[in-house]
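Biologist: I would like to learn how to read a structure like this one, feature by feature. Could you take me through it slowly, giving the general idea before the particular case?

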Amino acid sequence: MPENARLLFKVQLSLIHFSATIATKETRSGGFPMIRDICKDEFFLSQKAEPATADDLTIAQDLLDTLTAHKDGCVGMAANMIGVNKRIIAFDNIGTYMVMFNPVIVKKSAPYDAEEDCLSLTGTRKTKRYQTIKVQWQNEQFQTRIRTFTGWAAQIIQHEIDHYEGILI
C-alpha cells in the first residue's frame, strides 16, 4: 500500500474512532452509556422528587453511567443531579454500584456531625448524619428490599435521599 494511501486510511480510522467516542457519550443506542450533564440549578435541586416507576429504568441507567463517568470525584448521585426529578439514587456500596428506587430510611441510630460537599453545589456544608440506617427501597424489578447500612455507605445514602427531598447539602 502506498504511503499516501496508508496515511489516508489512518486518518479515516481516527475519524471513525472519534465518531464512536462521541456516540458513546451522547447516545444509549447499541448499549452505549448515556452520560448526562450535572444539574447545578439550586431551584430545581430544592424541589421534592416524584416517586419512581418501572418506566424510569433508563433514567437509573443514565444515573449509573453518569456516576461512573464521575467516579474520581463522586460516590453517589440522585436523579435530580442529572435533571430528572425522580426518587432514584445510585451509589458506590463498598466497591459495587447500587441503585435504589424510592428509598426510605425506616430506622436510624448513632447521630454524628458531618461536613459534605456535592458535585451539584460549590463548597461544603455541615449536616447531621447517622452511623447506622435501615433502608427500604425497590430494586430494578421493583421488588421491595430492606437492609441495614453503616458507615460510609450509610452517609452516602442519606446525602442522596436529602437530594431528592429537596434538601441542599
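Modeller: Let us begin with the surroundings of a single residue, bearing in mind throughout that this is a predicted model. If we set aside the neighbours within four places in sequence, Met-77 is in contact with Ile-38, Leu-63, Thr-66, Leu-67, Ile-82, Ile-88, Ile-89, Ala-90, Leu-119 and Glu-160.

Biologist: Which core has Met-77 among the residues with the most contacts inside it?

Modeller: The general idea comes first: in soluble globular proteins, nonpolar side chains tend to be buried together. Here the largest nonpolar core has 18 residues, and those with the most contacts inside it are Leu-63, Met-77, Ile-88, Ala-90, Val-99 and Phe-101. At least two residues of this core are supplied by each of α3 (57–69), β2 (88–93) and β3 (96–118), and the largest share, 5 residues, comes from α3. There is also a second, separate core of 17 residues, which includes Ala-78, Phe-91, Ala-154 and Ile-161.

Biologist: How should I read the helix α3, and which of its residues are buried?

Modeller: An α-helix has 3.6 residues a turn, so residues three or four places apart point the same way. In α3, the buried residues are Ile-59, Ala-60, Asp-62, Leu-63, Leu-64, Asp-65, Thr-66 and Leu-67, and the buried residues of this helix pack against β1 (76–78), β2 and β3.

Biologist: Where is Arg-87 found, and is Arg-87 buried or exposed?

Modeller: Arg-87 is found in the loop between β1 and β2. To decide about burial, we compare the relative accessible area with a cut-off, under 20% for buried; Arg-87 has a value of 17% and is therefore buried. Its side chain is joined to that of Glu-165 by a polar contact of 2.9 Å. Not counting residues up to four places away in sequence, Arg-87 touches Ala-49, Glu-50, Pro-51, Ala-52, Met-100, Phe-101, Asn-102, Pro-103, Tyr-164 and Glu-165.

Biologist: How do I read aromatic rings, and how many aromatic pairs does a search of the whole structure find?

Modeller: A pair of aromatic rings is described by the distance of the centres and the angle of the planes. A search of the whole structure finds 3 aromatic pairs. In one of them, the rings of Phe-91 and Phe-149 have their centres 6.2 Å apart and their planes at 80 degrees, so the pair is edge-to-face. This pair links distant parts of the chain, with Phe-91 in strand β2 and Phe-149 in strand β5 (residues 144–150), 58 residues apart. Phe-91 counts as buried at 0% relative accessibility, and Phe-149 counts as buried at 2%.

Biologist: Which aromatic pair is tilted, and what is the angle between the planes?

Modeller: Trp-137 and Phe-149 form a tilted aromatic pair, with 6.0 Å from centre to centre and 55 degrees between the planes. Trp-137 lies in strand β4 (residues 121–138) and Phe-149 in strand β5, 12 residues apart. Both Trp-137 and Phe-149 are buried, and together Phe-91, Trp-137 and Phe-149 form one aromatic cluster.

Biologist: What about the backbone: which residues other than glycine have a positive phi?

Modeller: Among them is Ile-94, which has a positive phi of about 55 degrees although it is not a glycine. Ile-94 sits in the loop between β2 and β3, and at 78% relative accessibility this residue counts as exposed. Another case is Asn-102, whose phi is near 55 degrees. Asn-102 lies in strand β3 and is buried, with a relative accessible area of 17%.

Biologist: To finish with the whole chain, how many helices and strands are there?

Modeller: The chain has 4 helices and 5 strands, and read along the sequence they follow the pattern α-α-α-β-β-β-β-β-α. Of its 169 residues, 39% count as buried. Among contacts between residues at least 6 apart in sequence, 62% join residues at least 24 apart. The accessible surface of the chain comes to about 9,700 Å², of which 55% belongs to carbon and sulfur atoms.

Conventions: Residues numbered from 1 in each chain as written. Predicted model: local features only at pLDDT ≥ 70, side-chain atom pairs only at ≥ 80, totals over all residues. Heavy atoms only, no water. Core = buried A, V, L, I, M, F, W, Y, C linked by side-chain atoms within 4.5 Å. Buried < 20%, exposed > 50% of the residue type's maximum accessible area, 1.4 Å probe, protein only. Contact = heavy atoms within 4.5 Å. Polar contact = N/O pair within 3.5 Å; in protein donor to acceptor, adjacent residues only side chain to side chain. Phe/Tyr/Trp six-rings, centres within 6.5 Å; stacked < 30°, edge-to-face > 60°. Areas by Shrake-Rupley, 256 points an atom, 1.4 Å probe, with all protein chains shown as cover.
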